[in-house]
Amino acid sequence: MTDQIIFYALALLLIFAGSMVITVRNPVHAALFLVLAFFTSAAIWLLLEAEFLAIALVLVYVGAVMVLFLFVMMMLDINLAPLREGFARYLPVGGLVALLMMFAMGLVVGPRYFGSERFPVPARHAADYSNTKELGSVLYTDYVYPFEIAAAILLVAIVAAIALTLRRRPHIKAQKPQLQVAVRREDRIRLVKMTSEKKGSP
Amino acid sequence: MIFDIAPAAPEIFVLGMACVVLIVEAYHNEPSHALVYWLAQVTLLGAAVLTLYFGPEQTVLAFNDIFVSDPMSALLKVAVCVVTFVVFLYSRTYLREHDLLKGEYFVLGLFAVLGMMVLISAHNLLTIYLGLELLSLSLYAMVALHRDSESASEAAMKYFVLSALASGMLLYGISILYGVTGNLDLARVSLIITEQTEPNTLLIFGLVFVIVGVAFKLGAVPFHMWIPDVYQGAPTSVTLFISTAPKLAAFAMAIRLLVDGLGGLIGSWQDMLIILSFLSMAAGNIIAIAQSNIKRMLAYSTIAHVGFLLLGILSGTLAGYSSAMFYVIVYALMTTAAFGMVILLSRSGFESDRLDDFKGLAQQSQWFAFVMLIVMFSLAGVPPFVGFWGKWFVLKEVIDAGIVWLAAFAVIFTVIGAFYYLRIVKLMYFDKADTDRSITSSHEMRFVISVNGLAILALGLAPGLLMSLCVAALSA
């Protein structure tokens with residue numbers, strides 16, 4: 001019973017956070033609501049005894065991705081107002097379609113098919129059960145092939161990001177620190193021997 | 001043995017070589033990118049040879065049943081490698097003349113090929129999704145690679161957003177299927193579905209989302225919105241790539257998901273595919289008439305051909321799947337030649353993507369006008385070219401399956417569609433050229449496109465050869 005109350009509270013919070021992400025005006029607020037959404041979904045995963053995934057979600061998404069995201073957003077100072085211009089205009093049509101979809105999906109994804117009597121509650125694991133250990137034991141054995149493909153996907157993402165953003169500008173004047181550090185005294189100073197000038201000459 | 005990796009040798013080879021090409025590209029920075037190009041081509045040929053060498057007589061599972069290697073996967077992988085080889089060859093000419101030559105094109109192309117191979121050999125819902133993402137991610141980047149072009153950026157953005165939405169739909173469908181069956185393995189999902197006594201609404205609910213994902217990747221109406229914009233906006237070399245090899249992979253994905261995994265639900269997906277197929281043939285053939293840009297026209301032609309491809313799948317028999325496979329391979333061959341001709345006629349600073357650019361081609365180059373004539377006749381489905389046989393086999397299966405009205409509509413739409421293919425032939429042979437044009441392409445490009453065109457003719461004269469391969473591939 002307590003489980004259910006906690007779940008519904010978290011689920012409601014998650015839906016609230018999710019809808020705030022797409023409706024608030026300020027992009028920084030939207031990002032912060034996304035952080036809230038990540039936290040609540042992590043908590044739901046904890047209820048499912050998937051503690052490794054929950055912690056990874058918080059560490060990776062909240063700790064790294066969202067911080068980076070916020071950082072970029074504050075640096076770029078994007079004005080989102082023009083992007084949202086159509087929101088009110090498309091809301092009636094979009095909202096209607098969304099409501100219809102929700103209604104149709106509610107008919108199917110309800111207690112009739114997904115009720116708790118159809119899916120019995122899984123047995124609780126013992127206290128010394130480690131979700132992390134279980135994941136680790138299959139990740140590089142049973143699932144090594146999908147794991148490698150996921151690695152290739154990340155590599156493609158890196159290649160694509162660099163290919164799309166790297167611009168080589170050969171004529172730009174920029175400091176080259178490695179050359180500055182490696183410079184030697186002989187490169188810069190030239191000692192010239194000169195005959196001494198006569199005193200008093202004009 | 002848990003790690004029997006030999007069946008996946010082509011995939012491993014492509015992954016390894018893609019990384020090698022990436023490093024070579026980074027350190028061996030020459031403007032012509034000849035080394036990168038040849039390494040990529042060798043990789044594709046090597047992958048085709050490895051596929052044939054390890055090509056099994058019957059179905060072999062590897063990696064804890066996540067990976068499947070069967071005659072169908074072998075044939076499709078070889079087709080993907082050969083088509084991509086030709087695509088790279090055409091693209092190089094285009095990229096060089098339009099000053100877009102970058103090593104990343106070939107690197108991303110190789111990763112896309114890897115994604116296609118993963119998709120073709122998928123035996124698990126997880127690998128289907130991962131293969132699809134690997135393929136799509138490479139394609140988005142390839143579309144956007146021409147950074148200074150506004151239309152390319154717009155096309156990439158549209159493609160990315162819509163495709164991400166479709167991936168989300170597919171993933172949702174997969175999650176429902178997993179929720180109901182408790183399995184990701186296609187064979188076990190199939191087993192659980194066939195064991196069910198009463199129809200399960202939830203499975204059909206999941207199926208709908210899976211179909212949306214597949215239809216989007218194939219480009220079937222009403223999930224076709226991205227195709228015309230992306231085909232027109234992307235550089236022709238990338239359009240050429242997107243429109244050919246990935247369709248082979250999308251076909252494999254449809255077969256793996258609908259037949260291997262959800263074969264028990266055939267009664268449900270047959271009806272959905274009938275709607276998709278009918279709408280695709282109607283919209284594709286009719287809207288194509290109004291186009292004045294050949295890339296956009298070929299985009300709508302793709303949509304129409306996807307409708308035909310779905311006809312073969314929805315007939316629900318092994319013979320139907322083989323006819324669809326024949327169709328998709330032939331389609332890839334014809335589209336490669338069609339976009340190849342657009343590339344052949346383009347030169348630096350000139351795209352040659354309007355229909356009017358084909359005016360009077362016959363007076364300037366009899367031979368290439370003839371090649372284009374073969375391609376257009378074949379796309380329209382005129383005998384004896386191979387496009388006719390593709391349509392013939394598919395229609396035969398649909399009639400055998402008892403859906404005669406759909407076959408009748410398919411023929412009507414083909415006749416409507418013949419108009420816009422034949423219009424190009426008319427422009428080439430009976431109109432006067434607006435501009436003086438000289439074909440500046442390289443000799444290898446001229447040679448390969450001639451071979452490509454003649455292959456369409458030769459396969460049309462002897463269609464039994466490829467068809468028997470397709471039948472053998474699916475009956476194992």
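Trainee: Is A:Asp187 buried, partly exposed or exposed?

Mentor: Buried means under 20% relative accessible area, exposed over 50%, and partly exposed in between (1.4 Å probe, protein chains only). With 46% relative accessibility, A:Asp187 counts as partly exposed. Please note that this is a predicted model, in which local features need pLDDT of at least 70 and side-chain atom pairs count only at pLDDT 80 or more, while totals for chains, interfaces and linings use all residues. Residues are numbered from 1 along each chain as its sequence is written, chains are lettered from A and ligands numbered from 1 in the order in which they are written, and side-chain values use heavy atoms, with hydrogens and water left out.

Trainee: With which residue does A:Asp187 form a salt bridge?

Mentor: Side chains of opposite charge can pair when their charged atoms come close. The rule for a salt bridge asks for a side-chain nitrogen of Lys or Arg within 4 Å of a carboxyl oxygen of Asp or Glu. A:Asp187 pairs with A:Arg184, the closest N and O atoms being 3.3 Å apart. A:Arg184 also meets A:Glu186 in a salt bridge (3.8 Å, N to O), and A:Glu186 is exposed at 54% relative accessibility.

Trainee: Where do B:Asp260 and B:Arg256 lie?

Mentor: Helices (H or I, at least four residues) are DSSP runs, numbered from the N terminus. Both residues belong to helix H11 of chain B, 4 residues apart, about one turn of the helix. B:Asp260 is partly exposed at 29%, whereas B:Arg256 is buried at 1% relative accessibility.

Trainee: What area do chain B and chain A bury between them?

Mentor: The size of an interface is often given as the accessible area lost when the parts come together. Buried area is that loss (1.4 Å probe), summed over both parts. Here the two chains bury about 2,900 Å², 79% of it on carbon and sulfur atoms. B:Leu130, B:Arg147 and B:Leu202 supply 20% of the area that chain B buries against chain A, more than any other three residues.

Trainee: How many residues does each chain give to the contact?

Mentor: Contact means heavy atoms within 4.5 Å. Chain B gives 37 residues and chain A gives 29 residues.

Terms used. Helices (H or I, at least four residues) and strands (E, at least two) are DSSP runs, numbered from the N terminus.
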